[in-house]
Amino acid sequence: MATLEDLAESFDGRLECMRTLVDLQFAAEEVDCNKHFETLLNEVEKLENVLSVMRSVVQKQKEESKQIQDVKLTFENMISHLQYSCQHVPVHIPQPAKKEAVHAVHQEAKTKKENQTTSVKSGNGSNKVKSAEKNEKNGKKSGKCDVYVPTVEYVTVEEFEGVPKYMKGRLTYSQVNGAIDELNKPLKEKYKILSMKRTTLNDVNRKRYEKFKLQETKDTAGEYFIVEEDIKEFSTLKMDNVGRAILTVLRHCGRMKEIRGSGHIRYACLPVY
C-alpha cells in the first residue's frame, strides 16, 4: 500500500514533467529549435543502428563461445580416450601383411607346380633332378637363394571375440597371441636351415635338413609348415589339450591350416591380406 510520501513523490515527478513540456512548448516557437530536434533524432537513429550491430556481434560471440565449449569438450574426450589407450596398449599388436612377399610366395608355388606338371608329362625324372640342382646352384651364385618365411600374424580382438565359445573355452586373447610367438620360432628355425647350403651345415642341422625335405609332398608345394616335432623342439608350446585348442582357434581365424598325409600332421602358415 502506497504511503503519503510515495504519493507526494509521484505528484512531484508529474509536475516536473509538466514544467518541462511547458518549456518545450515555448521553445518550439524559436527558429533553431526544429534543427536541434532533427539533429537529436539523427543521433538517436545512429545510436539505434550501433546498438543493433552490437547486439548482432554479441549474439555471434555467444555462438562462437558455444562452439568453443563443444570443441573443448571434444578434445577432453579425445585426451581421455588417448590416455586410456596408452595405459591399455595390448602386448601383441597385429602387423600389416607384406603384400610383396606374399605375392612372391604364391609365385614360387605356382612355378613349382608348373615344373612338376611338365616333369610328369615328359616322364624324364633324371632331367628334372639335374635341372633343379642346376637352378639351385645358379640361384645361390647369383645371390637369389634367400627364403622368405611368412610369420603367423596375431589375432585381432574382434576375431577372437568372434570365435565360438565351445571352441575357445577358457582361452584368453593374450594366451592365443602368446602361442603365436612360440609357433613362429620353429617356422623361423626350420626355414633358416633350409635356406642354407648343405655343405655348410653341421651334422645335427644336416639331419634336420633331410628330415624337413622328407616331410614335403606335392600338397605342400609353396606352403610353409611345421609339424608337432618341430614345435616341441624349437618352442615352449606344449601340445596338450590347451595347445591343440589354440591351434583350432588359429585355424578358425584363418592363420593356419592342416595338411595331413604320410604319417604327419603339418601346420601350415596362411598369409593375411
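Reader: Where do I start with the strands: how do S2 and S3 pair?
Author: Strand S2 (residues 256-261) pairs with S3 in the antiparallel sense, over six bridges. Two strands count as paired if DSSP finds at least two bridges between them. Strands (E, at least two residues) and helices (H or I, at least four) are DSSP runs, numbered from the N terminus. This is a predicted model, where local features need pLDDT of at least 70, side-chain atom pairs count only at pLDDT 80 or more, and totals for chains, interfaces and linings use all residues. Residues are numbered from 1 along each chain as its sequence is written, and side-chain values use heavy atoms, with hydrogens and water left out.

Reader: Ok, what stands opposite isoleucine 259?
Author: That's arginine 266 in S3.

Reader: And what happens at serine 262?
Author: The hairpin of S2 and S3 has two residues between the strands, and serine 262 takes a positive phi near 60° there.

Reader: Which strand does S1 join?
Author: S1 (residues 225-226) is joined to S3 (residues 264-269) by two bridges, and they run antiparallel. Phenylalanine 225 of the chain stands opposite alanine 268 in S3.

Reader: Zooming out, how many helices and strands does the protein have?
Author: Ten helices and three strands. From the N terminus on, the order is α-α-α-α-α-α-α-α-β-α-α-β-β.

Reader: What's the average pLDDT?
Author: The protein averages 79, and 74% of the residues score at least 70. pLDDT is the predictor's confidence in each residue, from 0 to 100.

Reader: Which elements have the lowest and highest means?
Author: Among the elements, helix H4 (residues 125-141) has the lowest mean pLDDT, 48, while helix H10 (residues 241-252) has the highest, 92. Over residues 99-105 the pLDDT is below 50, and that stretch has seven contacts in the model beyond near neighbours in sequence. A contact means heavy atoms within 4.5 Å. Where pLDDT is low, the predicted coordinates should not be read in detail.

Reader: New topic! Which residues make the nonpolar surface patch?
Author: Leu21, Leu24, Phe37 and Leu40 make a patch of about 390 Å². Like charges are joined within 9 Å, nonpolar side chains (Val, Leu, Ile, Met, Phe, Trp, Tyr) within 5 Å. Areas come from the Shrake-Rupley method with a 1.4 Å probe, and for residues only the protein chains shown count as cover.

Reader: Which helices supply it?
Author: Helix H1 (4-27) and helix H2 (33-87) each supply at least two residues of the patch.

Note on methods:
Patches are made of residues with over 30% relative accessible area and no salt bridge: like charges are joined within 9 Å, nonpolar side chains (Val, Leu, Ile, Met, Phe, Trp, Tyr) within 5 Å. A salt bridge is a side-chain nitrogen of Lys or Arg within 4 Å of a carboxyl oxygen of Asp or Glu.
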